Amino acid sequence: MKTDRLAAVRGMNDVLPDEAPLWEAFEARAIDVLRAYGYRQIRTPIVEHTRLFARGIGEVTDIVEKEMYSFVDQLNGENLTLRPEATASVVRACIEHNLLYDAPRRLWYIGPMFRHERPQRGRYRQFHQVGAEALGFAGPDVDAEQILLLKRLWDVLEIGPVRLELNSLGSAEERARHRAALVAYFEANADALDADARRRLHSNPLRILDTKNPALQPLVEAAPRITEYLGHESLAHFEGLQELLAARGVSYAVNPRLVRGLDYYNLTVYEWITDRLGAQGTICGGGRYDPLVGMLGGRPAPGCGFAIGVERVIELLREAGERGDQTACDVYVLHQGGATYLAALHAAESLRDAGLDVILHGGEASLKSQMKRADASGAAYAVIVGESEAADGEAAVKALRAATAQAPFAEQRRVPLAQLGEAIAGALATEQESISGTN
């Protein structure tokens with residue numbers, strides 16, 4: 001009987017070896033920028049209590065109502081959920097471990113999130129985010145700092161053009177007044193609403209402003225704006241942010257329709273958007289969530305953060321022709337089996353002791369076949385341990401790449417096994433210095 005082939009769950013994708021280097025390159029650059037701004041890593045569990053997200057995100061949001069992967073632990077009956085986002089988890093960890101007792105915190109995270117929605121380009125059921133949270137900072141200076149951090153990252157990645165849109169949601173009281181005005185407005189125009197808007201009318205009317213239905217755009221454009229309900233303090237915070245961005249020459253547009261579907265946001269909200277990914281053009285969203293620490297049971301403390309959609313940024317990098325470092329190793333070690341394998345094993349370990357990445361050929365094959373494998377690996381050098389080399393305690397070294405054509409091993413020559421690691425490490429360092437000097 002034929003066994004059915006297994007496949008990944010729809011919307012949960014493998015990252016294959018040829019794709020992984022691009023992910024690694026993005027993650028390394030993102031981490032470098034985050035560290036440059038004083039952010040430290042935090043790692044939280046993928047599974048949390050369901051009530052964490054119901055309380056923090058809001059029970060009437062689409063995420064909690066329709067998108068969360070939730071289940072009952074059969075061992076103890078606990079209601080658990082695969083995290084749909086990380087901010088609530090980070091705040092929970094800060095409260096649980098009392099991280100805010102002596103000073104504010106700048107934290108960053110990376111990892112998979114889970115939402116049950118229809119998979120499409122840039123929107124998957126398992127997706128990845130790199131994000132940051134600044135807890136304990138009340139002023140617009142941290143909002144501006146995070147936006148500057150992100151602008152620096154886009155510049156490093158060279159993925160432009162990416163535009164910045166800003167808005168302010170004000171305080172909870174101001175949002176409540178705006179919400180009441182929205183409900184009254186949309187109730188007066190109920191005949192023009194689609195089914196989704198009618199469903200959201202009394203539970204989450206802000207989300208109607210974010211509709212993608214073209215027929216609703218004129219109605220949404222004429223709806224009451226949150227900026228009409230902002231008080232002095234909220235306006236001062238928003239204006240302070242804009243002044244700081246202008247001082248650093250950051251271009252932006254104020255979008256009064258920019259909202260958030262999560263209950264914990266207040267004051268600043270922003271998005272970085274590209275026109276190169278179609279409908280999924282938002283590559284990063286962020287903003288302030290001052291109420292969240294208190295909502296989750298901690299001593300009230302302000303917060304501000306952002307999350308980058310990794311898959312969407314990877315798409316932009318791929319379109320730009322980036323592939324990451326596809327080199328599998330520095331050195332490929334060949335042998336003729338038998339006693340030569342043991343000598344080749346010693347050679348490979350000595351090369352690794354010298355800090356080099358090494359592939360030792362597995363199994364038996366002709367040296368010609370092994371040399372093809374060595375060339376395909378992307379290695380800079382081939383190390384050959386044949387019977388005569390093994391007998392003499394040596395290895396033959398040959399440069400494989402055009403960049404090493406003028407290197408000490410452009411012509412194949414023998415090196416004593418005891419000096420092999422030092423010789424090749426030195427040759428690679430010389431090559432790198434030559435490349436740096438040329439650039």
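Tutor: Glu315 and Arg318 sit 3 residues apart in helix α11, so about one helical turn separates them. Helices here are DSSP runs of H or I with at least four residues, strands are runs of E with at least two, and both are numbered from the N terminus. In general, an α-helix has 3.6 residues a turn, so residues three or four places apart point the same way. This is a predicted model, in which local features need pLDDT of at least 70 and side-chain atom pairs count only at pLDDT 80 or more, while totals for chains, interfaces and linings use all residues. Residues are numbered from 1 along each chain as its sequence is written, and side-chain values use heavy atoms, with hydrogens and water left out.

The side chains of Glu315 and Arg318 form a salt bridge, at 3.6 Å from N to O. The term means a side-chain nitrogen of Lys or Arg within 4 Å of a carboxyl oxygen of Asp or Glu. Glu315 is buried, its relative accessible area being 18%, whereas Arg318 is partly exposed at 39%. Buried stands for under 20% relative accessible area, exposed for over 50%, and partly exposed for what lies in between, with a 1.4 Å probe and protein chains only.

Helix α11 (residues 310-319) also meets helix α1 (residues 20-36): their axes come within 10 Å and cross at roughly 110 degrees. Axes are lines fitted to C-alpha atoms, for helices over the stretch in contact, and angles run from 0 to 180 degrees between N-to-C directions. From α1, the contact uses Leu22, Trp23 and Phe26; from α11, the residues include Val310, Ile314 and Arg318. Contact means heavy atoms within 4.5 Å. By class, the α1 and α11 contact holds 7 nonpolar, no polar and 2 charged residues. Nonpolar covers Ala, Val, Leu, Ile, Met, Phe, Trp, Tyr, Cys and Pro; charged covers Asp, Glu, Lys and Arg; the others, Gly among them, are polar.

For comparison, here are salt bridges elsewhere in the chain. The structure has 22 of them. Glu389 pairs with Arg414, their closest N and O atoms being 3.8 Å apart. This pair links distant parts of the chain, with Glu389 in helix α14 (residues 387-391) and Arg414 in strand β16 (residues 413-416), 25 residues apart. Glu389 is buried at 11% relative accessible area, and Arg414 is partly exposed at 32%. Arg414 also forms a salt bridge with Glu394, at 3.3 Å from N to O. Since Glu394 lies in strand β15 (residues 394-399) and Arg414 in β16, the pair ties together parts 20 residues apart in sequence. Glu394 is partly exposed, with a relative accessibility of 22%.
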